[in-house]
Amino acid sequence: MTRFSIPDATPIVALTVNLKEENKSMRIKTLNACTIAMAWFLAAMLIAVPVSITAATAEELAGLETLPGADDPAARGLAIARETERRDAGFGDSSATMTMLLTNAYGETSERELRNLILEVTDESEGDWSLIIFDKPRDVNGTALLSYAHILDPDDQWMYLPALKRVKRISSVNKSGPFMGSEFAFEDFSSQEVGKYSYVWLRDEACGERTCHVTERTPLYEHSGYTRQIAWTDTTDYQPRKIEFYDRKNQLLKTLTMADYRLYSDQFWRSHDLFMENHQTGKTTRLTWGEIAFQTGLTDSDFTTNAIKRAR
Amino acid sequence: MDKRQTMRAVTVLWGCLSLTAPAVAADFEFTGYLEPELQAFPNKGNVQGQKRWNSSVALELTFEAFWEKGDQYIVFTPFGRLDAQDGNRSHADIRELKYAYIQGDWEFRIGFDKVFWGVTEVAHLVDIINQTDTVESIDGEEKLGQPMVAISTVQDFGVFDFYLLPYFRERTFPSMSGRPAFDIPVDETLTTYESDDKRQHLDFAVRYSNTFEDWDVGVSYFQGTSRDPILLPTFNGPGSLVLAPFYAQIRQASIDVQATKGAWLYKFEGFVRRELKEEHVQATGGIEYTLYRIFESSSDVGIVAEYIWDDRGANARNIFANDAVLGLRWTPNDTASTAVLLATTVDMETKALGLSLEAERRFGNDYFASLEARFFENIPASDPLFSFSNDDFIQLRVARYF
């Protein structure tokens with residue numbers, strides 16, 4: 001935030017100069033306005049660039065070197081979550097297909113095919129925008145769900161029903177119900193923002209070949225389906241490897257295991273194999289992501305109530 | 001729709017499309033469903049020729065071609081039904097045949113298309129672009145494709161849609177042997193229009209819509225041929241009493257609003273219509289509330305309560321003049337996408353009662369079954385639904401998607 005406070009003051013100066021120039025001819029005025037704008041821009045660059053470099057370096061250090069100690073588990077837990085988010089910042093937009101394989105306790109399976117478009121919202125007080133388009137089962141082909149995610153308030157959501165050509169604003173209070181009959185709730189794969197939970201670091205322990213920070217996180221959203229979650233985040237890439245979900249009676253409900261992490265743009269890790277197991281019903285869902293495309297040029301206008309009617 | 005005119009419209013449109021379609025690689029998609037249907041009518045029909053049982057089969061195909069990352073596309077959706085009893089219900093329609101071009105915040109569409117406006121669940125008052133395909137369903141939700149030129153733009157201050165509607169689609173009506181149907185049949189050969197241009201009258205519509213946080217608001221204007229015909233009792237050639245559809249010219253301004261407040265949805269829509277030198281108002285509004293995860297299960301129960309009002313009072317043209325609707329929707333959120341909707345409609349004036357049950361679920365990955373039952377009770381002769389009073393029915397459809 002501090003890096004913007006200095007250039008923010010400059011337009012006032014520019015405006016004052018502009019007023020003084022008012023009596024001169026149009027051409028000179030325009031020229032002056034351009035010069036002032038240019039000067040403002042240069043000044044802003046000069047001030048902003050070094051500050052942002054310093055800030056990034058400081059953050060980098062904070063994330064990796066100076067994680068708060070075990071004596072302050074809340075601060076340590078929060079810092080781990082912040083680091084995960086920081087490593088994902090700047091992805092811009094992404095687009096990918098996913099399949100879900102639903103298996104019930106008797107081993108019967110059914111399949112879902114979806115496409116997911118995400119637009120990163122950089123404002124920390126808001127969640128990302130997403131568009132989910134259903135391809136299979138075929139009876140819901142073309143149905144689309146548009147969400148503007150919020151941190152602690154219900155998201156803004158619209159559903160497009162292709163048979164009626166109707167876009168319907170829907171209530172999004174409940175994010176904890178089964179998503180398309182799967183073991184995933186919308187809550188589980190909607191945008192994971194730091195502000196959605198409070199954190200307590202529990203311990204560091206081995207997880208497979210890696211070491212993981214084990215953190216307990218408590219959803220702050222009042223209509224969450226969970227009392228708490230235990231998350232295993234690896235200490236090298238800060239990606240979640242496993243999450244346990246406890247239901248509203250504080251009983252272990254589900255375990256999510258994330259595997260097949262792939263690196264995009266040398267920067268963004270994405271799990272391509274998410275396996276959710278419901279311990280109370282014996283049902284499982286395997287969510288498999290196809291190749292993810294980043295920075296495909298999606299803009300605000302791809303996430304409107306008009307665009308969802310033609311989502312492809 | 002006149003078949004020759006349909007053919008001509010299709011030929012012209014196809015000509016335009018082949019000119020615009022470039023020789024670039026496009027993504028093609030072909031989908032559709034085949035859906036047999038069985039209907040049972042527990043009561044004997046009022047009219048000779050009406051049977052207790054009926055069967056039919058419907059087929060809808062969708063061909064899509066996209067190119068330039070979906071910024072240009074063509075969609076063609078023909079639909080048809082073959083009905084064992086009702087010749088009028090055996091019909092074909094072009095639900096969609098359109099070319100669309102998207103340039104930034106602008107969208108341009110030409111061809112047959114479907115457009116939905118509105119927020120309420122029962123009466124769709126402001127939804128006016130498309131004609132209702134009554135023989136498909138009496139709930140008014142099935143629509144005929146409408147030829148149009150449409151331009152939409154999404155701006156910071158809202159969405160604007162402009163429509164030019166160069167050709168009119170007449171409402172479909174069941175024949176003598178069809179059910180449910182009016183006791184006096186509609187004779188479409190006696191259709192008349194207020195405008196001398198008849199079906200060629202150029203209609204237009206404009207709509208502004210926007211979202212203001214929890215509020216979704218739409219304001220629309222329509223000028224042209226009324227989609228809702230006046231049915232005039234008259235004698236046809238052989239001297240039988242029939243209803244002749246008359247389509248007046250109307251001007252209509254409408255508004256639709258939805259407030260989404262947590263689990264509560266508040267809805268309102270209404271219009272002022274000027275028709276045959278008279279103005280009248282219709283409005284509907286209500287709530288939708290969802291109880292999530294009842295009894296700690298994954299089931300949701302939704303409650304819909306709506307009221308529908310016509311300032312002309314009880315009248316022969318509107319089945320919803322002073323009606324209240326209460327509906328309950330149960331969705332267990334299971335793998336089969338099961339949903340059950342129970343609804344009851346009461347005419348506050350005539351005390352006529354309508355009951356409906358709609359249940360649906362998926363079987364396997366590609367089959368989808370829907371059961372619908374409608375019962376009409378206590379319908380006095382003064383109610384426009386009187387003809388339906390012995391047309392209670394139970395209907396089962398099983399669709400195979402591909």
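Predicted model: local features only at pLDDT ≥ 70, side-chain atom pairs only at ≥ 80, totals over all residues.
A residue is called buried if 20 or more other C-beta atoms lie within 10 Å of its own, exposed if 12 or fewer, and partly exposed in between, with the C-beta atoms placed from the backbone. Residues are numbered from 1 along each chain as its sequence is written, and chains are lettered from A and ligands numbered from 1 in the order in which they are written.

**The two chains overall**

- Chain A comes to four helices and 14 strands, and chain B has one helix and 21 strands; helices (H or I, at least four residues) and strands (E, at least two) are DSSP runs numbered from the N terminus.
- Of the 312 residues of chain A, 30% count as buried; for the 402 residues of chain B, the figure is 38%.
- Two residues are in contact if their C-beta atoms, placed from the backbone, lie within 7 Å. Taking contacts in chain A with a separation of 6 or more, 44% are between residues 24 or more positions apart. In chain B, 55% of the contacts between residues at least 6 apart in sequence join residues at least 24 apart.
- The C-alpha trace of chain B spans about 65 × 60 × 45 Å along its principal axes.

**Chain A: a helix and a hairpin**

- Helix H3 (residues 73–88) of chain A has 16 residues, so at 1.5 Å a residue it should span 22 Å, and its end C-alpha atoms, 23 Å apart, agree with that. The expected span is 1.5 Å times one less than the number of residues.
- The buried residues of H3(A) are A:Arg76, A:Gly77, A:Leu78, A:Ala79, A:Ile80, A:Ala81, A:Glu83 and A:Thr84.
- After H3(A) comes A:Gly90, with a positive phi near 90°.
- Strand E5 (residues 156–161) of chain A pairs with E6(A) in the antiparallel sense over five bridges; two strands pair if DSSP finds at least two bridges between them.
- A:Tyr160 sits opposite A:Val167 in E6(A). Four residues lie between the strands of this hairpin, and A:Lys165 takes a positive phi near 60°.

**Where A meets B**

- 23 residues of chain A are in contact with 36 residues of chain B.
- On the side of chain A that touches chain B, strand E2 (109–119) and E6 of chain A each supply at least two residues.
- That side of chain A divides into six nonpolar, nine polar and eight charged residues. Ala, Val, Leu, Ile, Met, Phe, Trp, Tyr, Cys and Pro count as nonpolar, Asp, Glu, Lys and Arg as charged, and the others, Gly among them, as polar.

**Chain B: strands**

- Strand E19 (residues 353–363) and strand E20 (residues 367–377) of chain B are antiparallel partners over 11 bridges, with B:Ala359 bridged to B:Leu371 in E20(B).
- Their hairpin has three residues between the strands, and B:Gly364 takes a positive phi near 65°.
- E20(B) also runs antiparallel to strand E21 (residues 393–401) of chain B, joined by eight bridges; here B:Ala369 is opposite B:Val398.
- There's also an open sheet of three strands in chain B, in the order E8-E12-E11, with mixed pairing. Its edge strands are E8 (192–193) and E11 (230–235), each pairing on one side only.

- B:Tyr163 and B:Leu385 touch the most other members of the largest nonpolar core, which has 28 residues. Such a core is a set of buried Ala, Val, Leu, Ile, Met, Phe, Trp, Tyr and Cys residues joined through C-beta atoms within 7 Å.
- Not counting residues up to four places away in sequence, B:Leu385 touches B:Ile319, B:Ala352, B:Phe376 and B:Ile379.
- B:Gln252 belongs to strand E13 (residues 249–261) of chain B and is buried because 21 other C-beta atoms lie within 10 Å.
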